[in-house]
Amino acid sequence: PDNIYEKGAPTFFRTLGRTYDEDLISRILAYVMTHDRLFVNSLLRKYSKETCPFDIGECDVYVYPEKSMGNGRADIFSIIKKNDTVVATITIENKIYSYEHDDQTQTYYDWVLNQQEYKNAHINAFFYLRPSFNPSSAVCKKYINISYTDISKIISQSDYIIDDFKKHISLYLGENTMELNEKQLEIIENYEQ
């Protein structure tokens with residue numbers, strides 16, 4: 001049996017037996033985005049293909065996990081407003097073990113750009129988030145593939161929730177954290193079939 005204490009003090013996700021739960025992990029990432037403006041700013045400036053012409057510190061940041069978008073739900077959708085005007089959006093599709101299905105990323109991209117309130121924003125950034133052991137990538141080429149290691153490096157705030165999340169990334173979702181057996185690799189590679 002798996003010993004949850006094998007790598008030292010367990011993370012909250014590990015203690016709950018939800019080490020790789022995409023929805024739960026997305027909700028903690030939404031918490032980070034709500035409490036860490038520098039993280040949001042760095043995400044846009046470092047990884048977005050578009051230039052960020054404003055300071056996030058002067059903006060209101062709204063974060064919505066499981067945002068309904070047409071025929072699906074984006075894992076995280078964030079609206080950044082300055083003086084009640086949407087200046088940026090961030091859409092994140094989070095995959096741990098799975099690959100994209102039903103062209104999700106294209107659906108979410110199209111939905112954002114078809115919304116009058118969002119299509120004229122300075123930045124509409126789209127990220128496909130995955131651990132380093134998941135080789136999948138977004139179907140929609142407008143998405144930027146980003147790893148948990150990448151986001152861990154730009155998280156700047158610290159509290160017990162965020163610290164535990166960073167520890168969890170380091171232990172379970174970062175680089176060289178997991179060896180997949182042949183059966184797991186076969187399942188990931190053939191997920192769509």
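This is a predicted model: local features need pLDDT of at least 70, side-chain atom pairs count only at pLDDT 80 or more; totals for chains, interfaces and linings use all residues.
**View 1. Strand β4 between its two neighbours.** Welcome to the sheet: β4 (123-130) runs parallel to β3 (residues 85-94), and 7 bridges join the two. With β5 (144-147), β4 also pairs in the parallel sense, this time over 4 bridges. To find your bearings, look for T91, which stands opposite F126 in β4, and for F127, which stands opposite I144 in β5.

**View 2. The two faces of β4.** In a regular strand, side chains alternate between the two faces of the sheet. Here I123, A125, F127 and L129 lie on one side of β4, with N124, F126, Y128 and R130 on the other, and both sets are buried. Because 8 of the 8 residues of β4 are buried, the strand is largely enclosed by the rest of the structure.

View 3. A polar atom of the S132 side chain lies 2.7 Å from the backbone oxygen of G174. The C-alpha atoms of S132 and L173 are separated by 6.8 Å, although these residues are 41 apart along the chain.

View 4. Helix α7 has 14 residues (residues 160-173) and should span 20 Å at 1.5 Å a residue; its end C-alpha atoms are 18 Å apart, which agrees. Buried residues of α7 include I162, F165, I169 and Y172. Among the elements covering the buried residues of the helix are α1 (12-15), α2 (22-35) and α6 (148-154).

View 5. The structure holds 10 aromatic pairs. In one of them, the rings of Y20 and Y97 have centres 5.1 Å apart and planes at 55°, so this pair is tilted. It links distant parts of the chain, with Y20 in the loop between α1 and α2 and Y97 in the loop between β3 and α4 (104-113), 77 residues apart. Y20 is partly exposed at 22% relative accessibility, and Y97 is partly exposed at 30%. The rings of Y20 and Y172 have centres 6.4 Å apart and planes at 90°, so that pair is edge-to-face. Since Y172 sits in helix α7, the Y20 pair ties together parts 152 residues apart in sequence. Y172 counts as buried, at 4% relative accessibility. Ring pairs link Y20, Y97, F133 and Y172 into a cluster.

Methods
Residues are numbered from 1 along each chain as its sequence is written. Side-chain values use heavy atoms; hydrogens and water are left out. A polar contact is a pair of N or O atoms within 3.5 Å; within protein, one must be able to donate a hydrogen and the other to accept it, and residues adjacent in sequence count only if both atoms are side-chain atoms. Buried means under 20% relative accessible area, exposed over 50%, partly exposed in between (1.4 Å probe, protein chains only). Two strands pair if DSSP finds at least two bridges between them. The expected span of a helix is 1.5 Å times one less than its number of residues. Contact means heavy atoms within 4.5 Å. Rings of Phe, Tyr and Trp (its six-membered ring) pair if their centres lie within 6.5 Å; planes under 30 degrees apart count as stacked, over 60 as edge-to-face and the rest as tilted.
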